Amino acid sequence: MEPLSLLTAIVLGVIQGVSEFLPISSSGHLAIAEYLLGETGISAPPDFFDVLLHLGTLAAVFAAYWSDIRDMFHEFFAGIGDLAHRSTPTPLPPARRMIFLIIVGTLPLFAVLPIRRQIQGLGDNIYFVAVALLVTGCLLFASDRVRRGRKTERSATMLDVLLVGVGQAVATCPGISRSGTTITAGCFVGFERKFAVRFSFLMSIPAVLGANILTLKDALETGVNWGEVPVYLAGVLAAALVGYACIRLLKMIADKGRFGWFAYYCWAMGALTLALVFVRNAAA
């Protein structure tokens with residue numbers, strides 16, 4: 001395998017940072033990027049680098065939502081103390097209830113574990129990725145036409161977050177945007193738009209950590225070129241910085257209900273990818 005260049009690492013980091021948080025599918029864009037890199041004779045990036053890129057975007061979530069994460073840590077330990085003293089308050093504090101909502105929303109991912117390798121393999125099928133981007137566009141287009149909800153962590157039900165979690169499980173397919181699907185699902189079950197965005201990103205923390213633990217094992221088994229780690233870190237830094245900026249952008253867009261803007265982009269990217277593949281195959 002050819003060494004990963006600094007420029008390629010940074011470009012892939014930027015792609016990861018933009019597409020992980022904007023509702024346009026990071027897995028789909030990385031699959032398309034790897035397809036194009038392969039066409040130009042550049043090797044696909046190592047699995048270990050992919051793990052680090054996701055950790056970079058995870059760092060962006062921690063930076064953007066640190067106050068929420070800090071409150072949940074505090075309430076987690078406070079909740080243990082209340083259980084020990086049988087003094088759990090009713091209703092639960094919002095941050096403590098958010099912990100339960102995230103746990104329930106993460107449960108559908110366990111149904112995906114037995115077939116995760118098959119789902120990851122779909123990224124090698126560029127036709128599937130392109131069609132999945134078209135589907136993501138349809139979801140985003142529909143989200144703008146849903147009646148505005150008012151539910152937050154104080155009023156969302158366990159069934160609501162379970163349905164959002166099903167959307168997250170479906171979004172493990174390459175080309176289906178995780179943030180786009182979970183935000184759209186949140187809008188459909190009546191979440192307030194800003195809360196739909198916040199819940200989507202906070203719910204991504206256990207999902208990304210769990211996926212990275214599983215992928216890290218495979219990456220280490222295939223071998224890691226430790227001499228390239230400084231190059232990897234440049235890509236990770238790019239993913240973290242760009243990811244943080246995109247979270248801030250999506251926060252501003254959320255309340256205006258303009259997710260449909262991204263629908264047109266997904267449709268264009270999906271159609272362009274299909275056209276590119278058809279032209280390439282016709283020329284072969």
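Student: What makes F21, Y65 and F201 a cluster?
Tutor: Ring pairs link F21, Y65 and F201 together. Rings of Phe, Tyr and Trp (its six-membered ring) pair if their centres lie within 6.5 Å; planes under 30 degrees apart count as stacked, over 60 as edge-to-face, and the rest as tilted.

Tutor: A word on the source before we go on. This is a predicted model, where local features need pLDDT of at least 70 and side-chain atom pairs count only at pLDDT 80 or more, while totals for chains, interfaces and linings use all residues. Residues are numbered from 1 along each chain as its sequence is written, and side-chain values use heavy atoms, leaving out hydrogens and water.

Student: How many aromatic pairs does the structure hold?
Tutor: There are 12 of them.

Student: Why are F141 and W267 a pair, and of which kind?
Tutor: Their ring centres are 5.5 Å apart and their planes at 45 degrees, so this pair is tilted too. F141 sits in helix α7 (residues 126-143) and W267 in helix α12 (residues 260-283), 126 residues apart.

Student: Is F141 buried, exposed or partly exposed?
Tutor: Partly exposed, because its relative accessibility is 27%. Buried means under 20% relative accessible area, exposed over 50%, and partly exposed in between (1.4 Å probe, protein chains only).

Student: How do you know that R86 is exposed?
Tutor: Its relative accessible area is 81%, which is over the cut-off for exposed. S25, at 2%, counts as buried.

Student: What makes R145 lie over the face of F141?
Tutor: R145 is 3.7 Å from the ring centre. A charge sits over a ring if NZ of Lys or CZ of Arg is within 6 Å of the ring centre and within 35 degrees of the ring normal. The charged end of K251 likewise sits over the ring of Y65, 4.5 Å from its centre.

Student: What is the phi of S25?
Tutor: Near 75 degrees, a positive value in a residue other than glycine. Most residues other than glycine have a negative phi.

Note on methods: Helix = DSSP H or I, 4+ residues; strand = E, 2+ residues; numbered from the N terminus.
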